[in-house]
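Please keep the sequence and the 3D view at hand while reading.

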Amino acid sequence: MRHVIDKRVPAHPVPVIRIRRLTKSYGHGDATVHALRGPDDPATGGPAGVDLDIEQGDYVAVMGSSGSGKSTLMNILGCLDVPTSGRYLLDGVDVGHLDEQQLSLVRNRKIGFVFQSFNLIPRTTALAQVELPLAYAGVRASERRRRAMAALSLVGLAERAGHKPNELSGGQQQRVAVARALVTAPAMLLADEPTGNLDSRSTEEVLALIDGLNATGRTVVLITHEDEVARHAKRVLRLVDGQIVDDVRQAPVDGPPPFLYETHEAYGAGVRA
Ligand SMILES: Nc1ncnc2c1ncn2[C@@H]1O[C@H](COP(=O)(O)OP(=O)(O)OP(=O)(O)O)[C@@H](O)[C@H]1O
Ligand SMILES: [Mg+2]
């Protein structure tokens, strides 16, 4: 389903993401690592869990030092992992009540993922990579091709559709990964350090794409270590030891992302490359 932000309507929708008292721990006994814990619960002395709401159309950067729980949070938001306790409602649906088949449907239809390491398939053309999520969704071949080409055009890589990962630069590979993430028209894009392996110019190209996806109504949650990247977001969360310690709004949810104009120029440069 596509969502278009109508600026005439005040923004008070049901949050696309609602998490309550969410914890994730690994290991047992003294060796337990509380990857997500929230503040201490005064009643029990144990972790109270993390509470977080993210509205449709928001653009959220998640920051924090290594090991603070960013990827753990992202993997739960993306239904790639399950919490130890607490609730996660995605579009109002309690994800904890879904079975494995329903979860894979949610992942395929609602969420696009982009990872630091691109996660492309070796020896496979850009076009075939981008078609893959559509194949899983049961879209027929001609329609797959048409939509995959449209997604590659959007990221400025129509000309490179026949190229394999080893024939593309890092920035181009990540743009293929973005095309693959958006080809199913998901309402939400989750990106775990999408620019972590890119030089500054490729970083700008990829951020320009993500800015544009948010500007057309997609909810974006992006993990980053870099202030320069976080400046593109409308809201910045900071995690320390599995707890959200800072939550700063940089731009309104229902407006454009803060860097849309400049990054469009950078994107143009990317398209010409
Ligand atoms: N599968 C696992 N088994 C045991 N511990 C884990 C596992 N995954 C993560 N952890 C621990 O949970 C904590 C949070 O890890 P997480 O990957 O979420 O950190 P991060 O903020 O993404 O760090 P980075 O910036 O290095 O990617 C860390 O202490 C990590 O060692
Ligand atoms: Mg991580």
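Which residue stands opposite L222 in strand 9? The points below begin with that question; please note that the model is a predicted one.

1. The residue opposite L222 of strand 9 is A61. Strand 4, which covers residues 59-63, pairs with strand 9 in the parallel sense, and four bridges join these two strands.

2. Strand 9 also pairs with strand 8 (residues 188-192), again in the parallel sense, here over five bridges.

3. Strand 9 (residues 219-223) is largely enclosed by the rest of the structure, because five of its five residues are buried. Both of its faces are covered. On one side the buried residues are T219, V221 and I223, and on the other they are V220 and L222.

4. A separate point concerns ligand 1. The residues that surround it are Y26, V33, A35, G64, S66, G67, S68, G69, K70, S71 and T72. By class, this shell divides into three nonpolar residues, seven polar residues and one charged residue.

5. Strand 2 (33-36) and helix 1 (70-77) each contribute at least two residues to the shell around ligand 1. Helix 1 gives the most, with three residues.

Terms used:
Residues numbered from 1 in each chain as written. Chains lettered and ligands numbered in written order. Predicted model: local features only at pLDDT ≥ 70, side-chain atom pairs only at ≥ 80, totals over all residues. Buried ≥ 20, exposed ≤ 12 C-beta atoms within 10 Å, placed from the backbone. Pairing = 2+ DSSP bridges. Near = placed C-beta within 6 Å. Nonpolar A, V, L, I, M, F, W, Y, C, P; charged D, E, K, R; others polar.
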